[in-house]
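Reader: I am new to this structure and would be grateful for a guided discussion of it. May we proceed by question and answer?

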Amino acid sequence: MSDPGFAREELMTIAAARLLWNGCVCFVGIGLPSAACNLARLTHAPDIVLVYESGTIGTRPGVLPLSIGDGELAETASCVVPLPEVFSHYLQAGRVDVGFLGAAQIDRFGNLNSTVVGPYASPKVRLPGAGGAPEIAAHAKQTFVMLAATPRSFVERLDFRTSGGFLEGHGARARTTARGGGPRAVITDFGMLAPDPETEELRLVALFPGATVEEAKGKVGWPLAVAGRVDAIAAPTALELETLRALHARTKAAHRRAVEMPV
Amino acid sequence: MLLSLSDAIDRFVPDGASVALEGFTHLIPFAAGHEIIRQRRRDLHLIRMTPDLVYDQMIGMGCARRLTFSWGGNPGVGSLHRLRDAVEHGWPRPLELDEHSHAAMAAAFTAGAARLPFGVLRGYIGTDLPAHNPRIRSVDCPFTGETLAAVPALNPDVTIVHAQRADRAGNVAIHGILGAAREAALAATSLIVTVEEIVDALPPAMNGIVLPHFVVSAIAHVPGGAYPSYAHGCYARDNAFYLAWDVIARERAAFTAWMERHVLGTRDHGAFLAGLRAEAA
């Protein structure tokens, strides 16, 4: 296949950015979600409100932060609040429209593992753990999940359930005290999955340019259901690609720059 | 009480203590962590939402027996290799985990600051964490009957935080990203604060974050005390160091050599910073 002129990771970021609307309140994680949210802010959603769990609200960073608490986030924020307030007064109180989540593993009901591969008491790989994810998953009005697909990440059975999606499906989530609506989209490297309205099982609903249903099925570790209509996600526009690449270039330069050591 | 950092650690951080070095990415008290390593403390119960590089170093140097935490990675970079080695292989010693979510740690520090027995949140819904941590329980609301998550209050024997400045009376002013530093400070039995500078008088701080002198056990003047984390308005986070740490800490031998040279081999934080400056030049 000829070089399409953009990478799948860029497509994921751009597709996620397109799901965000102007003015929406977004709880942002580091990595792809941070890139997607800032791309949206720099293109079609200038008044998006970005909340990072470090306590920065309404932040407008010029470069992407390496950590969730870079000084850039505080300097460009509307306000900086103590972390317990972000989780209690904002997230738990239902003031977040969209929460972004990543993970090492996802299952067919959008439940996520970011804790361990292998048994908890004797893990093969110890992952960083929950962080803010369980409560973002519970209380954001909706969540978008971003992770690359392999049969080892899209699994039949999670090694550990860190964050609840639709649990066992068929309305199980609605019977809990979670206030948010759960995962509305999973953005991965072949396209997008979304829950079936009845069973709540994730189905293939959209494909990136160059991706196929066969590729999607091959990368997912459970028998992937396909929606009646599978949309073709439009190729990136020149503005989207240029804005994203410039953001990454500024970020890379900033993170490699030697800082003045304190005396 | 103004003390040198080494005197403050000697006095308030005995072997076996529960210790919280807080500060969320910003204002992480690295100098204090290094001094604990220099004084070869053992069997500590380390408490921190995000263990970060400072606990990776303390765990790798054998200071800790237990870790209360909610996210253990190198932010934006990847794994904490020393934390992983301790959990996956018991090196240099096994590490007990008391693992939570951020929201629950925040609730536990807030309860601790208020001297309440537990923190409460609408949390841990649909997760396996409670099945592996007996300290995550539930409580029924006496008014509505709703079942809520409960976590025991965190009351560290000693909390250590870093701040931009204190005045001579011992009042401490913090600017910028706070994390749960204020709650962790007020939850502790003893509170050590390292500061960039000590001034005659702090500017008026209505609605500012101030730890008043009567909650502070000791202040130590440690310029650069948060490096390679940062102190807003004083110096920036050394993101390149966080990237470099991934290589330094990946293997036991390289990690140990680095710690012996830069931490055990230096008498204090000033010498630690001078050593890194010389190496960079």
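Reader: At what angle do helix 2 and helix 7 of chain A pack?

Author: The model under discussion is a predicted one. In it, helix 2 (residues 32-42) of chain A packs against helix 7 (residues 238-256) of chain A with the two axes 10 Å apart. The angle of their packing is about 125 degrees.

Reader: Which residues of helix 7 of chain A meet helix 2 of chain A?

Author: The contact divides into five nonpolar residues, two polar and no charged. Helix 2 of chain A contributes Ala35(A), Asn38(A), Leu39(A) and Leu42(A). Their counterparts in helix 7 of chain A are Thr243(A), Leu244(A) and Leu247(A).

Reader: Which residues of helix 9 of chain B are buried, and on which side of the helix do they lie?

Author: The face turned away from the buried side of helix 9 of chain B carries the exposed residues Ala253(B), Ala257(B), Glu260(B) and Arg261(B). The cover over the buried residues includes helix 2, helix 3, helix 4, helix 8 and helix 10 of chain B. The buried residues of helix 9 of chain B are Phe255(B), Met259(B) and Val263(B). Because they cover an arc of only 30 degrees around the axis, they lie on the same side of helix 9 of chain B.

Reader: Which helix of chain B gives the largest share of the side that touches chain A?

Author: In the contact between the chains, 53 residues of chain B face 46 residues of chain A. Elements giving two or more residues to this side of chain B include helix 4, helix 7 and helix 10 of chain B. The largest share is four residues, and it comes from helix 5 of chain B.

Reader: Is Tyr124(B) buried or exposed?

Author: Tyr124(B) lies in the loop between strand 7 and helix 6 of chain B. Its phi is near 55 degrees, a positive value in a residue other than glycine. Because Tyr124(B) has 26 C-beta neighbours inside 10 Å, it counts as buried.

Technical notes
Residues numbered from 1 in each chain as written. Chains lettered and ligands numbered in written order. Predicted model: local features only at pLDDT ≥ 70, side-chain atom pairs only at ≥ 80, totals over all residues. Buried ≥ 20, exposed ≤ 12 C-beta atoms within 10 Å, placed from the backbone. Arc of directions from axis to C-beta. Contact = placed C-beta atoms within 7 Å. Axes fitted to C-alpha atoms, helices over the stretch in contact; angles between N-to-C directions. Nonpolar A, V, L, I, M, F, W, Y, C, P; charged D, E, K, R; others polar.
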